[in-house]
Amino acid sequence: MTGLLEHMRTHTTPPRFLAALRALVRTNSLWLIALAALTGILAGSVVSIMTSTTLFAHHLLSPATGRLSGLATVDPVRALLVPSLGGLLLGLFSYALARSKRFRPVDPVEANALHGGRMSLRDSALVACQTILSNGCGASLGLEAGFSQLGAALGSRIGRQLRMHRADVRLLVGCGAAGAIGAAFDAPLAGAFYAFELIIGTYTLTALAPIALASVVALGVVHTTGMVLPPVQVPAPESIPPIAFLPIAGLGIVTALVGVALMKGVTLTERIFTKIPLPVWSKPAVGGALVGLLALVSPSVLSSGHMAMRAGLLNTPPLLLALGLLGLKALASAISIGSGFRGGLFFASLYLGVLTGAVFAGVLSPLMALPVSVCAIVGMCGLAVAVIGGPMTMIFLALETTGSLPLTSAVMVSAILSSLTVRRTFGYSFATWRFHLRGENIRSGVDVGWMRNLTVERMMRTEVPTLSATTSVGEARDAYPGATPRYIVLRDAQRRYVGIIENVSLHSRRYNDTTPVTELVQEGDITLPPCTSLSVALDSFERTTRPALAVVNEEGMVMGLLSERYVLRRYAEELERTRRELAGEKHKG
């Protein structure tokens, strides 16, 4: 603190003050933890503000009521009108944003995986507004996407404002997401491991303190503002017999299959809405009307379903009712996303999981008496794991929700099997599946962006020895009599690329002086465009088994030469840098 006060005294202008603070953060990890706490405060404030705003908006659907999914009935006119008008407003808002070249929102997972934690605060705030509007008018989606988006963006802004290291910016993005999720679910451990599993992509001891502190601080903010739900008392058994773990394992597999069906259903619904011959901006209004029709059957399909989930945990519905509600909620969520509403499936998957557990318990009851509350909790966590892809997150959420170690053990079995089943049958969580549909091969927030930033153009050697393709072997030997260079590029009369030969082959006794040098070019010769990434270059070397490849532009002109040895060395250097960051050694020389 003395150092900070000295810097404040000697650096009066804001730019110089920021430089001083940046120096302190880079040299003392305690200041990084302080920034993590600040990020947690901001994330908790985001949760409080967004929650209170949506609760106010819910009064349009049901006056004097804060939570929609817990309603017994809803006014038919409001149920049809409010989601339709909200969808129309959202459609026009989204259409205006889509025409703006500046609106390119980046998800926290994508930001940490590809962009070193760089996120636009403006775009994230707009995404949060879209999420509030969607949830506020009753769309069957949760607020957690907006929570984590804006919380992570605030962490990113703090890190970038201080020009912090890439690893530290990514860590602050994780702190923002951890604080948002921990505060939203009143579960700091679940929030922390949400950041580790999904946003950062790995768990490290050096990240534990800032991530955990951000989650706890954010939770304190929502408790202070009164925006946290009262705790739910779930009846939990004192022990679970070993024989019961067999159907519990089966339930984990069932929830995985339901989650995969849900994700595929969302994709199918999006395709259907794409083919509807209506203006893009009007499709959310159509989706809102359909959700309103489903709400006339059961208001539990409205909004995130959090109150309906809590009611399901306390008083689990019977088999047929649970099956009907499961179909309604899944259809409403698919329609909401497919028609263009903004939001996440995390909250919705919890309610769907409770219903799946109730259905499973009803089917199992003639064969084995397994408590319905156990099936509800296990189903809730198993389906959420299938959708978000974070088994440890849901294990800790179950522990923090129930306080029961036996029940948490059952959830652990279900979560692991659910994760394995989704990985084997589908391969993606909901977020990574959306990336896959856009052409991005991202499975988590693990930093792979450096591989894309290292392009062939940045790594190639520009001074390339060349020969005319019409040269004979004898002339080539006279031009390059020694053992160097190792590789020689052949070009035609227009100076376009023809092939590449090795100096060792050139001086081999297999060829006489009159042999054209083009006969020394090996079959299967390929070239690399200058924009090729490191990962693609490595694949090219492995596929062709060539020690060097030429870099050629669109006109066929040679720009440089790239050797496999150099690419592997750079790859090893970057892997070592990443290892040092994970071990907390990133600032050491």
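Buried means under 20% relative accessible area, exposed over 50%, and partly exposed in between. The model discussed here is predicted.

Q: Does W281 count as buried, partly exposed or exposed, and which value decides this?
A: W281 is found in the loop between α11 (245-275) and α12 (283-297). W281 counts as partly exposed because its relative accessibility is 32%.

Q: Is S303 buried or exposed?
A: S303 has a positive phi of about 60 degrees although it is not a glycine. Its place is the loop between α12 and α13 (306-314). The relative accessible area of S303 is 6%, so this residue is buried.

Q: Is T545 buried or exposed?
A: T545, found in the loop between α24 (534-544) and β5 (548-552), is not a glycine but has a positive phi of about 55 degrees. Because its relative accessible area is 64%, T545 is exposed.

Q: Which strand gives the most to the lining of the largest cavity?
A: About 30 Å³ of space lies in the largest cavity. The lining consists of Y487, I500, I501, E502, S505, L520, Q522 and R546, with four nonpolar, two polar and two charged residues by class. The most, three residues, comes from strand β3 (residues 497-502).

Technical notes. Residues numbered from 1 in each chain as written. Predicted model: local features only at pLDDT ≥ 70, side-chain atom pairs only at ≥ 80, totals over all residues. Heavy atoms only, no water. 1 Å grid on protein atoms, 1.4 Å probe; cavity = no way out; pocket = protein on both sides within 12 Å on 5 of 7 lines; lining within 4 Å. Points joined across faces, edges and corners; volume = space filled by probe spheres on them. Helix = DSSP H or I, 4+ residues; strand = E, 2+ residues; numbered from the N terminus. Nonpolar A, V, L, I, M, F, W, Y, C, P; charged D, E, K, R; others polar. Buried < 20%, exposed > 50% of the residue type's maximum accessible area, 1.4 Å probe, protein only.
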